[in-house]
Amino acid sequence: MDTLVLAYDDIVKYASDWVKYFDVPFARAVVFGVPIAGHLFVEGLLFIVILFLLSSKSYKPPKRPLTKKEIDELCDEWVPEPLIPSITEEMKYEPPVLESAAGPHTTINGKEVVNFTSANYLGFLGHEKLLDSCTKALEKYGVGSCGPRGFYGTIDVHLDCEARIAKFLGTSDSILYSYGLSTMFSIIPAFCKKGDFVIVDEGVHWGIQNGLHLSRSSIVYFKHNNMESLQGILEKFNQENKRAKKLRRYIVVEAVYQNSGQIAPLDEIIRLKEKYRFRVILDESNSFGVLGKSGRGLTEHCGVPIEKVDIVTAAMGHALAAEGGFCTGSARVIDHQRLSSSGYVFSASLPPYLASASITAIDVLEETPDLITKLRKNIATLHQGLSNIQGLEIVSDTLSPIVFLKLKNSTGSYKGDLQVLDDIADHVLKEHSIFIASSRKSTLDKCNLPCGIRLFVSAAHTESDLAMTCGSIKRVAAELLSANMIGS
């Protein structure tokens, strides 16, 4: 910069002397304290010089190549950014490993235990008819399908399963997905787009949360299973949004909430949906095969015609003891997914033997409705046995297959509550051979509901299983919670 100023000063003095030599009779001017004549000429010359200086490249010293020693020092000092966050003690948790089928009884560390961690609601896991169906399908089709549904991965048993589900639920058509969790990952973004408005219960599971994130829609959460909160948001949206009638808008709920065991009041949701002109997406993963007189889910349980629910989904890895998921509804809703749903278009289709097992499971459910009666009896027995447990309380619905226990008085932090609940579960497993688990969430799960102990009840549990479980949990809870002065 100093060099430029000195050069500029020399140019000015030189121009001044040159103008005086010719004695140009123009008005006089003063530049840097030097009186000169012919200022217009000088100003034009300066303008040219400035343009030249601005357009010329700045001087840069030649680069000197680094020596080997300097390169080695830089390499030693360099610390790469971690690919993953630091592993905390909470992340190091490893659940017990099962050494046999996850039925009502399973094996852990060589010891048989009573299992309340698998959503085997109807006891179909290991059912003779399902095993026979799978064996025949394996012999006929092999294990996998080796292709998406639209690229030669559609097998006749897939179409049979879709038709069987639609017939059972009384809908026009159904569509299969190869993985239960990816069902909601795919369905929500297929219908909900950027700019759409979605109202969601704050207690929904992570699969729904992720589907909403992928949709990029405008999302508002209402208080868990609180219809007053839902109505307030619907009313506010219609009043404040001038474009409300032009936007696609949805209400997303679970039939039986995995994070609380509570049942959604579908009749009230449908009333609000029709009043404010919203669409409803209902996840029946924990109610299909469980609720209703014949196991047709929440719509049957609440006496709501299924056609009033715009989109119904469910995982087939719970009551049906298979895998995959499905969506059912109108032909228009289903056909849209065959072209727009990423999980259907790009994922390899459901293994044929699982589709065959799902068909058989529905057949068995229709043939033996006593399974639902037995399941409800087991749920009622467990509710009664755990009703007066010290420090814990049941927050789940009396008909829910998920019995959810939470602390009456929190420790003050989610981490502290989880540790207390994990201690109870560990003691019950080690001392009484009862396998239960806390509702541990992943780091990605944004659900803010309190954690608890979640028991999945099965129709295959015996009365002695239930009695032993109630007694064991009561004794361990009384011992640990009274010792820590928590939840009393």
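Here is a short chat about helix packing and aromatic pairs in a predicted model.

Me: What should I keep in mind about the model and its numbering?
Reply: Residues are numbered from 1 along each chain as its sequence is written, and side-chain values use heavy atoms, with hydrogens and water left out. The model is predicted, so local features need pLDDT of at least 70 and side-chain atom pairs count only at pLDDT 80 or more, while totals for chains, interfaces and linings use all residues.

Me: Why are H9 and H10 called roughly parallel?
Reply: Helix H9 (residues 227–240) and helix H10 (residues 266–276) pack at an angle of about 5°, with axes 11 Å apart. Angles under 35 degrees count as roughly parallel, over 145 as roughly antiparallel, 65 to 115 as roughly perpendicular and the rest as oblique. That makes H9 roughly parallel to H10.

Me: Which residues make that contact?
Reply: Contact means heavy atoms within 4.5 Å. Among the residues that take part are Met227, Leu230 and Leu234 of H9 and Ile269, Leu272 and Tyr276 of H10.

Me: What makes H4 and H14 roughly antiparallel?
Reply: The axes of helix H4 (residues 128–141) and helix H14 (residues 352–367) come within 8 Å and cross at roughly 150°. With that angle over 145, H4 and H14 are therefore roughly antiparallel to each other. Their contact residues divide into 10 nonpolar, 3 polar and 2 charged.

Me: Why is the pair of Tyr121 and Phe456 called tilted?
Reply: Rings of Phe, Tyr and Trp (its six-membered ring) pair if their centres lie within 6.5 Å; planes under 30 degrees apart count as stacked, over 60 as edge-to-face and the rest as tilted. The ring centres of Tyr121 and Phe456 are 6.3 Å apart and the planes stand at 40°, so this pair is tilted. Tyr121 lies in the loop between strand E4 (111–115) and H4, and Phe456 in strand E16 (residues 453–456), so the pair ties together parts that are 335 residues apart in sequence.

Me: And what makes Phe197 and Phe237 a stacked pair?
Reply: Their rings are 4.0 Å centre to centre, with 15° between the planes. Phe197 lies in strand E6 (residues 197–201) and Phe237 in helix H9, so the pair ties together parts that are 40 residues apart in sequence.

How values were computed
Axes fitted to C-alpha atoms, helices over the stretch in contact; angles between N-to-C directions. Helix = DSSP H or I, 4+ residues; strand = E, 2+ residues; numbered from the N terminus. Nonpolar A, V, L, I, M, F, W, Y, C, P; charged D, E, K, R; others polar.
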